[in-house]
Amino acid sequence: MVNVPQDALLAYLRTNTEAIVDEIVPKYRDFLEDIKSNDFLSIILRGHLYVEHELTELNSKFLIDGKFLSKNKFLQQLELGLALGAVEKEWEPALKKLNEFRNKYAHNLGFTFNEQYYEDFISTFSLEMKKNFEIKCIELTKIYGNTLHTKLGILISHLWVLLVIESRRAAIKKILLL
């Protein structure tokens with residue numbers, strides 16, 4: 001058994017799910033408002049920015065010198081997060097798919113997101129991620145509408161929330177990895 005210092009245990013207790021949820025609910029509402037659009041490009045770009053920001057924040061909690069992070073692109077941030085143990089391996093395919101869609105818009109003026117791309121995106125989720133997403137999607141589409149635009153925003157927000165929660169739990173995770 002790992003001998004975890006008292007401070008680490010207190011940090012973990014402060015980052016229980018209820019406390020995290022209370023902290024992120026206002027940010028989550030802001031996220032959903034920021035990506036509320038009838039334009040897939042806007043949803044993907046804004047969602048990608050949120051996810052990338054949180055990925056950088058998460059990685060920074062595992063590094064001594066954060067200057068390194070500002071020079072990295074999304075995939076480099078993801079690879080770093082995986083190597084550090086900050087990002088769960090099961091999230092990798094979905095995060096890469098989000099980046100792929102962002103790149104399609106950045107490098108192909110004619111790219112149009114559609115239902116098939118949405119299904120491809122969901123297929124990158126692990127079974128547990130899908131189950132949790134489906135519950136949230138049902139709840140949120142009742143509030144925000146059941147359009148493909150809304151479902152895409154909710155899907156991206158699900159990835160963002162995973163990173164936010166993991167970022168809040170990073171202190172204990174870092175200690176346990178050492």
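Okay, before anything else, a quick definition: when I say helix, I mean a DSSP run of H or I with at least four residues, and the numbering starts from the N terminus. With that in hand, here's the structure, and keep in mind that it's a predicted model.

Which helices each supply at least two residues of its lining? That would be H3, then helix H4, which covers 74–84, and helix H5, which covers 92–107. If you want to find the pocket on screen, look for His 48, Glu 52, Lys 73, Phe 74, Leu 75, Gln 76, Asn 99, Arg 102 and Asn 103, which line it. By type, that lining splits into four polar residues, three charged and two nonpolar.

Ser 42 sits in helix H3. In sequence, Ser 42 and Arg 102 are 60 residues apart, but in space their C-alpha atoms are 9.9 Å from each other. And what does Ser 42 touch, if we skip its neighbours within four places in sequence? Ser 37 and Gly 47.

Staying with H3, which runs over residues 40–60, let's look at how it packs with helix H8, residues 148–168. Their axes come within 9 Å and cross at roughly 5°. Anything under 35 degrees counts as roughly parallel, so that's what we call H3 and H8. On the H3 side, the residues that meet H8 include Phe 40, Ile 43, Ile 44 and Tyr 50. On the H8 side, among them are Leu 152, Ile 156, Leu 159 and Trp 160. The whole contact divides into 14 nonpolar residues, four polar and four charged.

Tyr 28 is in helix H2 and Trp 160 is in helix H8, so the pair ties together parts 132 residues apart in sequence. Across the whole structure, the search turns up 14 aromatic pairs.

Last stop: the largest pocket, with about 710 Å³ of space. It has 24 lining residues, and the closest to the centre are Ile 24, Lys 136, His 158, Val 161 and Ile 165. Helix H2 (17–35), helix H7 (127–144) and H8 each give two or more residues to this lining. Which one gives the most? H7, with eight residues.

Key: Residues numbered from 1 in each chain as written. Predicted model: local features only at pLDDT ≥ 70, side-chain atom pairs only at ≥ 80, totals over all residues. Heavy atoms only, no water. Axes fitted to C-alpha atoms, helices over the stretch in contact; angles between N-to-C directions. Parallel < 35°, antiparallel > 145°, perpendicular 65-115°, else oblique. Contact = heavy atoms within 4.5 Å. Nonpolar A, V, L, I, M, F, W, Y, C, P; charged D, E, K, R; others polar. 1 Å grid on protein atoms, 1.4 Å probe; cavity = no way out; pocket = protein on both sides within 12 Å on 5 of 7 lines; lining within 4 Å. Points joined across faces, edges and corners; volume = space filled by probe spheres on them. Phe/Tyr/Trp six-rings, centres within 6.5 Å; stacked < 30°, edge-to-face > 60°.
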